[in-house]
Amino acid sequence: MIELAAVFAVAGAASNAVGTAFQRKAASASSKGGLRLLAELVRRPAWVIGIVGVAGAALFQSLALVNGPLALVQPLFILELPFALLVSVPLMRRRLPHWGWWGVTAVVAGLALALTAAAPHGVTHQATVSRWIPALGLCLGAMAAAVLVAGRGRPAALRAVLLGAGAAIGNALTAALLKSATGTFAESGPTAFLTSWQTYGFALTGVAAVLLLENALQAGPLAASQPALTIGDAVVSLALGIFLFGEEIRTGWWLLPELLGALLIVAGVLVLSRAVQGMVELGKR
């Protein structure tokens with residue numbers, strides 16, 4: 001089932017990348033804002049494709065979390081970044097700097113190395129209240145602290161890092177709540193799913209994570225917010241998977257290739273974040 005979870009997670013990352021790319025294409029062609037922007041976007045085929053992609057990503061993520069550990073599924077969503085570049089470069093008629101593809105290679109190779117060495121396992125879907133309470137307290141407290149510290153007057157890059165980290169924690173917590181809720185659905189049916197507090201919990205934390213992400217992107221450069229978002233999500237998801245659901249990874253000498261893989265991912269994300277800012281229109285130098 002872990003192999004199936006990995007397939008669904010990769011499909012989710014690809015679907016979300018497609019959705020995000022098409023939504024950005026649709027939004028970039030309009031100068032309107034607020035509700036007028038939304039009213040215009042719903043009539044654009046590119047925006048509709050984007051919404052379908054995002055919805056598909058949510059479905060794939062749910063299927064992945066039902067079949068595999070959180071510590072495997074969420075790190076695989078790091079692939080959304082290189083997938084998004086592969087889709088958006090031709091879609092937006094942009095050219096990625098040649099050195100940006102080294103970032104793609106580093107992310108993919110690092111993720112493969114880290115997950116192969118760690119071999120996350122464990123398929124428990126539920127956690128006790130005694131574990132949920134501290135997990136919720138720490139995650140929500142950290143998100144609130146990120147917002148408070150990233151107040152007006154802080155340097156733009158610092159604000160982007162802090163808000164990106166807050167969004168990452170929110171994404172990881174949302175995934176943990178989603179795993180519990182979808183496990184309830186699979187085991188007990190729709191009635192139990194609709195009466196589970198985790199169902200409404202992941203909806204609320206998901207909205208909060210999106211708001212933090214939007215503010216992070218607005219606050220400062222992508223090169224500051226994206227690494228905090230991407231790496232933070234994977235690290236916090238790993239911690240929540242171990243603490244809440246008793247998931248395990250290999251330790252001992254396996255920690256060396258795991259660390260090497262993590263360093264490759266960090267380097268690749270940093271390169272890609274800067275490469276995105278260096279993209280130019282096709283036909284221009």
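Helix α12 contributes the most to the lining of the second largest pocket, giving 5 residues, and in this predicted model that pocket has a volume of about 400 Å³. Of the 18 residues lining the second largest pocket, those closest to its centre are Ala114, Ala234, Val235, Leu238 and Ala262. The elements that supply two or more residues to this lining are α4 (70-76), α6 (100-118), α11 (222-245) and α12 (255-277). By class, the lining of the second largest pocket consists of 17 nonpolar residues and 1 charged residue, with no polar residues.

Among contacts between residues at least 6 apart in sequence, 84% join residues that are at least 24 apart. Of the 285 residues of the protein, 46% count as buried.

A pair of aromatic rings is described by the distance of the centres and the angle of the planes. The count comes to 5 aromatic pairs; one of them is formed by Phe8 and Phe60, whose rings are stacked at 6.3 Å centre to centre with 25 degrees between the planes. Because Phe8 lies in helix α1 (residues 2-28) and Phe60 in helix α3 (residues 45-67), this pair ties together parts that are 52 residues apart in sequence. Phe60 is partly exposed, with a relative accessible area of 26%.

Another stacked pair is formed by Trp253 and Trp254, with 4.3 Å centre to centre and 25 degrees between the planes. How does the accessibility of Trp253 class this residue, as buried or exposed? At 57% relative accessibility, Trp253 counts as exposed, because the cut-off for that class is over 50%. Trp254, by its relative accessibility of 25%, counts as partly exposed.

Technical notes. Residues numbered from 1 in each chain as written. Predicted model: local features only at pLDDT ≥ 70, side-chain atom pairs only at ≥ 80, totals over all residues. Heavy atoms only, no water. 1 Å grid on protein atoms, 1.4 Å probe; cavity = no way out; pocket = protein on both sides within 12 Å on 5 of 7 lines; lining within 4 Å. Points joined across faces, edges and corners; volume = space filled by probe spheres on them. Helix = DSSP H or I, 4+ residues; strand = E, 2+ residues; numbered from the N terminus. Nonpolar A, V, L, I, M, F, W, Y, C, P; charged D, E, K, R; others polar. Phe/Tyr/Trp six-rings, centres within 6.5 Å; stacked < 30°, edge-to-face > 60°. Buried < 20%, exposed > 50% of the residue type's maximum accessible area, 1.4 Å probe, protein only. Contact = heavy atoms within 4.5 Å.
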